[in-house]
Amino acid sequence: MTEAALPAPVAAPAVDRERLTAIGFVLPSFVIIAGVFALPLVLLLGVSVIDANGLTFANYRRLLGTPYYLGVIWNSLRLGLLTTIIAFLISYPAAFALARAHGALRSVLLATLFLPLAASVIVKAFAWTILLRSDGIVNETLIALGIIEDPIRMIFTETALIVGAVNIFLPFMILPIYAIVAQLDPRYAEAASTLGASPIVTFFHVILPLTLPGIIAGVALVFSLSVSAYVVPTLLIGEKYPTLATTIAKAYLLAREPGFGAAAGVVLLGIAIAVVALSARLSREPK
Amino acid sequence: MSGAAPHLVVRSISKRYGPTTVLDHIDLTIRRGELVTLLGPSGCGKTTLLRAIAGLAQPDSGKVELAGRDITHVPPHKRNVGVVFQSYALFPHLTVAGNVAFGLKVRGTARREINAAVERALSLVKLGHLAGRRISALSGGQQQRVALARAIAVEPDVLLFDEALSALDRKLREEMQVELRRLLQDVKATAIFVTHDQDEALTMSDRVAVMNKGRIEQLAEPRELYLRPASLFALNFVGLSTRISGTVLAADNGKVDVETKVGRLSALGNFQAGSPVIVAARPEQLRLGEQSEANSAAGRVRSVVFQGSRTLVEVDAGAGESLLAELSERDGAIPRVHDEIRLSWPVTETFAFPMEAQA
């Protein structure tokens, strides 16, 4: 190797320029994140622990020490968990169907996934209230068909809430799973089968582990969206199912208790961060 | 050739995909411990035949028997075959040892037995030291070995290699060919290779099946395949040759005289007078100068390609025909480009094939 004996090429200025360019690219997003995310976050934290008399944890004590507010936290978690689990059960086979579909069918299926994303959550949640209310389409149809005599109470039930939430957040579960499934080499399943694995064993030992990154991404997305959902519980179930999100809104808009609202916000953020951190950890390759 | 009982029997298998016939009544019998290559161009059906044996493709008709058992309708996971895929298809979520153990684990083998088998399989492919590695941390050659170890670990009745070496670079591939053949012979494996690489086929196999358009054109030992090709396709696909078209003048039990644009040639073959044929000979049969009782043709040297132990000389024989001779320095001076030379070759090494079968 004669090159080794030569003096190192003068690369230092080039590296500096590269670094400057990189900083230049990162700077705008850094400023935006620092300005509109990190700073408000610090303010939020501050407001939640400081009142007129100085430092206080009264807001957190109230939130985490009152059975009512523990119930509120549980409501949020329950909404997040049920929505995530049901959305996953629907999405996983759907992602495979989508990946197996070809040509026009695939385009149509993908369009039915993407188009609803263009409509706002409020519109979709409101559409569900129209469908589910006592004189809504579902009840009218059932009555017209003679299946029921009096309208069933559907709107403002937990069922309505979960159905609506699953429907609205479903694309966020299907798409990440689909992205993984679509590039899954069919040879993996074939190799497993020639090695003696039945279809069920192949599914649990090969397919499921290989699609785990998509599942984790979908779960993280749907959970953090549904646990903090505001419009969906407000329109589909209302007062009797208070969540952290509706509690925050009430604290700011009605009760004028910004400190308490901020504390609820911090708790909600804590839950979302915990889920995202956990899923990031799970999706990292073991060992 | 030993007279061992048939181990894998493929009986008249056919497979169509839409209007295309991929396998056309294929018959193939393989003895225990035999290494057979399915050789052919892409689309000849060799991979489909392999997949039919593995159970990954269901034939439309015909039967597959393995180790005395009719497995035509047995799902792949109950066939006890080992497959090494072109892309290896190693499980990225498992370690090297995890991949090799997979087949035994799903069979419910005891843990201690699995560990021993994994160790044995990995040492066989000389990868014992990498057992704990992740697949993504391996080179292509190492992945190839892991795929082999994984397939061998379950002690399958037949090992199937689908273009398993083609992803390796040339030098590594040639080393693996020799090593793989020795390894498979050591463990007395019965194996089928699918490849489009004639060198791989000749190096690796006891017998080679040359496939074309869903049929086996010739099933023979490498030496016989090269020296006695059964069809023009087999002649073209394996090795080089001189090919001259002509018309049969006279036929005399197994021998024909053919009128060609480079003169009258004699060849082995059964044809009626007037049949259009291709007369062919392997390049190493062609010698400089005249020989008695031999075919000969003259022309001007078009190119000389030095290839180490041999030199390939292409001669323009006029009328669009050319001769390909493989000459050795030992037999005299190698002609130069533009030299006018005469080449001759023995009639017993000259073959006639029907014209229309040209691939």
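This is a predicted model: local features need pLDDT of at least 70, side-chain atom pairs count only at pLDDT 80 or more; totals for chains, interfaces and linings use all residues.
The domain assignment divides chain B into domain 1, spanning residues 6–236, and domain 2, spanning residues 240–357. An unreviewed UniProt entry lists residues 8–238 of chain B as "domain: ABC transporter", and over these residues the chain is 36% helix and 26% strand, with the end C-alpha atoms 25 Å apart.

The C-alpha centres of domain 1 and domain 2 of chain B are separated by 38 Å, and the contact between them draws on 11 residues from domain 1 and 13 residues from domain 2. Between them, the two domains of chain B bury about 1000 Å², of which 57% lies on carbon and sulfur atoms. On the domain 1 side, the residues that lose the most area to domain 2 are B:Tyr226, B:Leu232 and B:Leu235, which together account for 60% of what that side buries.

A search of the whole structure for cavities of 30 Å³ or more returns 1 such cavity, and the space within the largest cavity amounts to about 40 Å³. Its lining is formed by B:Leu50, B:Arg51, B:Ala54, B:Leu56, B:Val83, B:Phe85 and B:Asp162, a set that comprises 5 nonpolar residues, 2 charged residues and no polar ones. Helix α1 of chain B, which covers residues 46–54, makes the greatest contribution to this lining, supplying 3 residues.

Notes
Residues are numbered from 1 along each chain as its sequence is written. Chains are lettered from A and ligands numbered from 1 in the order in which they are written. Side-chain values use heavy atoms; hydrogens and water are left out. UniProt positions are given in the numbering used here, feature names are shortened, and annotations may be inferred rather than shown by experiment. Helices (H or I, at least four residues) and strands (E, at least two) are DSSP runs, numbered from the N terminus. On a 1 Å grid over the protein atoms alone, a cavity is a set of points where a 1.4 Å probe fits but cannot get out, and a pocket is an open set with protein on both sides within 12 Å along at least five of seven lines; lining residues have an atom within 4 Å of a point. Grid points are joined across faces, edges and corners, and a volume is the space filled by probe spheres set on the points. Ala, Val, Leu, Ile, Met, Phe, Trp, Tyr, Cys and Pro count as nonpolar, Asp, Glu, Lys and Arg as charged, and the others, Gly among them, as polar. Domain bounds come from an automatic or database domain assignment. Contact means heavy atoms within 4.5 Å. Buried area is the accessible area (1.4 Å probe) that two parts lose on being put together, summed over both.
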